[in-house]
Amino acid sequence: MTAPLIQLRGVKKAFGGVRVLEGVDLDVAEGETFVLLGGSGSGKTVLMKHLEGLLQPDEGTVVVDGHDLSKGDPDALEAVRREVGVQFQSGALFDSLTVADNVAFPLRELQHLKAPEVKQRVDELLALVGLADAASKLPGELSGGMRKRLAFARAMALRPKIFLADEPTAGLDPMTTETVDDAIVAAQKKLGVTAFIITHDLPTAFRIADRVGLLFEGKIIEAGPPETFKASKHPAVLAFLKDWLEREASARA
């Protein structure tokens, strides 16, 4: 049996006496898209930072592609960071660079590829996310959804084994959100990356996830395929789904 690409056991984390993670257990298989849900301040971003090696647990273990990040070992951190692409919530785009140059930046700076190789990979990624016609534009000329897709393309530039995203559709209207979701699904299928995605958007979660989990009171209290998650009888899941359904009804009204 193949070991999970991402494996967390008993992960605990506190800041100044405030306990954020209370013993997180999680396996994410290679090629899987796992979406983590949770309320504001529940610790989702804190958990993701453990997968990047930006934080180490107070207790427990974090193993990513066979590398133990729990102790902050520099060699393990470097090995994992070469394999991980991150899409930040803000996008973190270079506003002075064109769309094509934003995607090309890590290829030039980190892989030192020659110009023809850079152009080929940039063209492939922009076509994959539907931005081929916007290659010469600046980020400031793009819509919110286009910026999100650009940030995703740049995160994929180095052909990472693992993709991490923090609220990739935050602030977008439903139709634009769906285009971003479609771009993520298409790229994940074509590139075969393992994805760990944080969102509060249930339609996005159910559209793109192989499995969905809920972080509640410092633990992942439910995790499974979307249909299984929707059928959960756990009180916290029921409350989370009820709150979302009420917001959706209010928005429609």
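## Sheet and helix packing

Ala 14 stands opposite Arg 19 of strand E2. In this predicted model, helix H1, covering residues 44–52, packs on the sheet, where it touches E1, E2 and strand E4 (59–64). Elsewhere, helix H3 (residues 99–109) packs with helix H5 (residues 144–155).

**The sheet**

- The open sheet is built from 4 strands in the order E2-E1-E4-E5, and the pairing is antiparallel.
- Strand E2 (18–28) and strand E5 (67–68) stand at the edges with a single partner strand each, so one side of each is left without a neighbour in the sheet.
- Strand E1, which spans residues 6–15, is joined to E2 by 8 bridges, and these two strands run antiparallel.
- The direction of helix H1, which packs on this sheet, makes about 125° with the direction of E1.

**The pair of helices H3 and H5**

- Two packed helices are described by the angle between their axes together with the distance between the axes.
- For H3 and H5 the angle is about 25°, and the axes lie 8 Å apart.
- Because angles under 35 degrees count as roughly parallel, H3 is described as roughly parallel to H5.
- The crossing in which H3 passes H5 is right-handed.

**Residues between H3 and H5**

- From H3, the residues Val 99, Asn 102, Val 103 and Pro 106 meet Leu 150, Ala 153 and Arg 154 of H5.
- Sorted by class, this contact of H3 with H5 has 5 nonpolar, 1 polar and 1 charged residues.

Conventions. Residues are numbered from 1 along each chain as its sequence is written. This is a predicted model: local features need pLDDT of at least 70, side-chain atom pairs count only at pLDDT 80 or more; totals for chains, interfaces and linings use all residues. Side-chain values use heavy atoms; hydrogens and water are left out. Two strands pair if DSSP finds at least two bridges between them. Contact means heavy atoms within 4.5 Å. Axes are lines fitted to C-alpha atoms, for helices over the stretch in contact, and angles run from 0 to 180 degrees between N-to-C directions. Angles under 35 degrees count as roughly parallel, over 145 as roughly antiparallel, 65 to 115 as roughly perpendicular and the rest as oblique. A crossing is left-handed if the near helix is turned anticlockwise from the far one by less than a right angle, and right-handed if clockwise. Ala, Val, Leu, Ile, Met, Phe, Trp, Tyr, Cys and Pro count as nonpolar, Asp, Glu, Lys and Arg as charged, and the others, Gly among them, as polar.
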